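Subject: A structure for you to explore

Hi there,

Here is the structure I promised to pass on. Have a look around it first, and then read my notes below.

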Amino acid sequence: MALFDDLGDIVKRNEPLAPYTFLKLGGPVEMLVQPRTREQLSTVVQRCFDDGIPLRVLGTGCNLLVRDEGVSGVVLRLTEPAFTQIAVQGKTVRAGTGAAVQSLISVAARNNLAGLETLVGIPGTVGGALRTNAGDRTGDIGQFVRRVEVLDSAGTPQFRERDELRFENRATNLDDPVLLTVEFGLDPDQPDAILKRMRKAWIQRKAAQPLGYQAAGRVFKNPRGLQAATLLEQAGLARTKVGGAEVSDRDSNYIVVHPGATSRDVLRLMDLMKSRVQERFGVELEREITVW
Ligand SMILES: Cc1cc2nc3c(=O)[nH]c(=O)nc-3n(C[C@H](O)[C@H](O)[C@H](O)COP(=O)(O)OP(=O)(O)OC[C@H]3O[C@@H](n4cnc5c(N)ncnc54)[C@H](O)[C@@H]3O)c2cc1C
């Protein structure tokens with residue numbers, strides 16, 4: 001019997017990953033697994049660990065480029081209710097990492113809890129936002145995290161407490177294979193004040209992002225004290241194209257993907273952007289987007 005045959009319809013073999021990502025690019029994964037329960041999830045992680053099978057977790061693929069050749073091993077999706085619940089107790093919000101960041105923000109705001117509203121307009125799941133410490137100059141998700149429940153590489157649940165956690169520029173030291181739930185500590189505030197900050201953040205973010213109908217990805221981290229978008233724009237890269245991949249004209253730190261584009265086009269455009277900024281300004285841009 002092949003590995004995971006006993007798990008039935010939660011496993012899809014040779015499943016194309018492109019439809020599960022924002023850029024809609026890239027090849028298939030050997031096994032896409034969507035567990036329904038925490039027990040199924042632990043079983044999958046344990047077997048991957050025991051058999052040395054590569055294991056990755058997919059959120060909504062907003063920060064992800066899958067190579068054209070696809071990936072080996074297992075990709076997990078935590079889309080079932082066991083992984084998407086959000087609960088409020090006093091000033092604490094507890095969320096499954098499969099929940100959408102935007103649902104988390106709504107629940108917090110409805111309960112007059114402040115902090116997360118400045119993340120409005122950032123697409124993706126709580127798990128993806130945590131792993132990438134999503135945010136911007138006005139704040140990031142990491143600053144509100146109290147503790148995170150993870151599965152370690154043997155599939156055993158563990159808690160990572162605030163004092164062990166580090167959140168930096170679009171990065172964290174949370175390197176366990178699966179992030180499961182997270183607790184946020186928030187402060188009560190007036191509904192009007194929360195709504196006002198949310199509106200302001202929304203307007204600012206939407207003004208910079210590529211248009212809603214475009215498949216697009218944010219590419220580089222902001223170097224310390226600098227804006228990647230500004231460097232890329234000043235290097236004359238806006239609207240530069242490689243194959244079907246193009247630097248957005250609204251914000252040069254986004255790549256927009258046109259019909260017929262491949263992941264190879266995006267990777268080549270990223271190399272060009274990086275080398276042009278290095279030549280012009282002597283600044284080495286670091287990739288923000290995850291490449292599988
Ligand atoms: C239009 C647009 C605008 C954006 N604006 C911003 C912005 O303003 N600020 C910002 O910081 N980012 C921004 N991003 C990037 C992106 O929205 C965030 O990084 C987002 O939080 C990623 O979530 P996701 O669920 O799509 O993660 P994915 O892209 O699916 O995954 C990202 C990484 O997280 C890992 N991961 C996801 N879930 C889990 C889990 N449960 N356990 C372990 N690992 C996990 C994946 O393995 C991968 O390494 C933007 C992206 C787009 C396309």
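Let's begin at the ligand: a polar side-chain atom of Thr60 lies 2.8 Å from one of the ligand's oxygen atoms. That makes a polar contact, meaning a pair of N or O atoms within 3.5 Å; within protein, one must be able to donate a hydrogen and the other to accept it, and residues adjacent in sequence count only if both atoms are side-chain atoms. A polar backbone atom of Gly128 is 3.4 Å from a nitrogen atom of the ligand, and an N or O atom in the side chain of Tyr254 is 3.5 Å from a ligand nitrogen. The protein covers 95% of the 980 Å² of accessible area that the ligand has on its own (Shrake-Rupley method, 1.4 Å probe).

Before you go further, please note that this is a predicted model: local features need pLDDT of at least 70, side-chain atom pairs count only at pLDDT 80 or more, and totals for chains, interfaces and linings use all residues. Residues are numbered from 1 along each chain as its sequence is written, and side-chain values use heavy atoms, with hydrogens and water left out.

Now find Thr21, in the loop between β1 (11–16) and β2 (28–33). Is Thr21 buried or exposed? Thr21 is buried, because its relative accessible area is 2% (buried means under 20%, exposed over 50%, partly exposed in between; 1.4 Å probe, protein chains only). Not counting residues up to four places away in sequence, Thr21 touches Thr60, Gly61, Leu64 and Val66 (heavy atoms within 4.5 Å).

Finally, some charged pairs. Side chains of opposite charge can pair when their charged atoms come close. The structure holds 16 salt bridges (a side-chain nitrogen of Lys or Arg within 4 Å of a carboxyl oxygen of Asp or Glu). One of them joins Glu288 and Arg218 at 2.9 Å, N to O. This pair links distant parts of the chain, 70 residues apart: Glu288 is in the loop between α6 (263–281) and β21 (290–291), and Arg218 is in strand β17. Glu288 is buried at 11% relative accessibility, whereas Arg218 is partly exposed at 25%. Arg38, Arg94 and Glu149 are linked in a salt-bridge network.

Happy exploring!

Definitions and conventions. Helix = DSSP H or I, 4+ residues; strand = E, 2+ residues; numbered from the N terminus.
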